[in-house]
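Me: I have a structure here that I would like to go through with you. Could we begin with the packing and then turn to the strands?

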Amino acid sequence: MDQTIQPVGGKPLLVHKGAAFTRIVVNQVQAADGQKYHVMFMGTEEGTLVKGVNYNGEMFLIEEVQVFQPRVSIKILKFSNVTGQLYAGSDSGVTQVPLATCWEVYVLHGLCAIQRPLLWLGQDPLIPLKRTIWPGGNLKLYCHSPSQLAETVWVKDGNTLTPNGHFQIHEYGLLIFTGSKSDAGPYRCLSVEKSKAGQFSTTMAEYHVGLLGSGDWIQVNNTAVAGLQAAVGVLIVGLLGLLTWNCYKRHIPLPWNCRTASRITIWNYNYH
């Protein structure tokens, strides 16, 4: 070519860090607001498929799926008007991918980035899960965001937790080391996505952590002890019944006659 071709608007539509794109195809869809938008499907050299859409001049990445294992470069991306599916090919094989999984995977959980500016769907409130930690012990709180494009944020008492020697934040949860009284209280795990339109967060999990031995958890401990005592009592009664039955059937030799003792017991019962 004699001259370079500049993108519309004089700048790239999308700048993406990570694996290089290998193939790009575009499809037009109608969103919840009745407008039509161009959705880009981009294959990468690591075998992932990235879906993006342009909304009001800003690109939103709404999904990223690993379609090939092991990670191999996507060499072919093709639409099928017959099946309504997208086909991705590599040197090792071909796979079929649905064009739209946003409703099943994202909207039902309030996580679809493209739907947020167009149609906000609320979530049912979460019921906090109770967890306990021993003084000086460790505890892991699980939370996994289904969106690979969101940041996981942990909040305690309204304050955002930052990784340090006491807290460690991993892909699947929060690790609390050397538990103390200050670790008791409510915790929330948020899935956070940022864009020019603002910051959108969704609560993925809630916990209420108690320190064993503290007043808040005495009732819980007493209930557990009472339940354990009842279970031990039932076990003892069952063992005595089993021993009596085996003795009566003469499966177990004992110094006394179980049959005679049983008849005496029954006679005494009838006599009284």
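This is a predicted model: local features need pLDDT of at least 70, side-chain atom pairs count only at pLDDT 80 or more; totals for chains, interfaces and linings use all residues.

Me: Understood. Which residues does Leu-49 touch, leaving out those up to four places away in sequence?

Reply: With those neighbours set aside, Leu-49 touches Phe-41, Met-42, Gly-43, Glu-63, Glu-64, Val-65, Val-67, Leu-77, Leu-86 and Val-97.

Me: And which residues touch the most other members of the largest nonpolar core?

Reply: That core has 17 residues, and those touching the most other members are Phe-41, Leu-49, Val-53, Val-67, Ile-74, Leu-77 and Leu-86. At least two core residues come from each of strands E2 (36-44), E3 (48-55), E4 (58-66) and E6 (85-89).

Me: What lies apart from it?

Reply: Another core, of 15 residues, which includes Ile-133, Leu-139, Cys-143 and Leu-211.

Me: Now the rings. How many aromatic pairs are there?

Reply: The structure holds 2. One of them is formed by Phe-41 and Phe-79, edge-to-face, with 5.7 Å centre to centre and 80° between the planes. Phe-41 belongs to strand E2 and Phe-79 to strand E5 (residues 76-80), so the pair ties together parts 38 residues apart in sequence.

Me: Is Phe-41 buried or exposed? What about Phe-79?

Reply: Phe-41 is buried, at 2% relative accessible area, whereas Phe-79 is partly exposed, at 30%.

Definitions and conventions. Residues are numbered from 1 along each chain as its sequence is written. Side-chain values use heavy atoms; hydrogens and water are left out. A nonpolar core is a set of buried Ala, Val, Leu, Ile, Met, Phe, Trp, Tyr and Cys residues joined through side-chain atoms within 4.5 Å. Buried means under 20% relative accessible area, exposed over 50%, partly exposed in between (1.4 Å probe, protein chains only). Helices (H or I, at least four residues) and strands (E, at least two) are DSSP runs, numbered from the N terminus. Contact means heavy atoms within 4.5 Å. Rings of Phe, Tyr and Trp (its six-membered ring) pair if their centres lie within 6.5 Å; planes under 30 degrees apart count as stacked, over 60 as edge-to-face and the rest as tilted.
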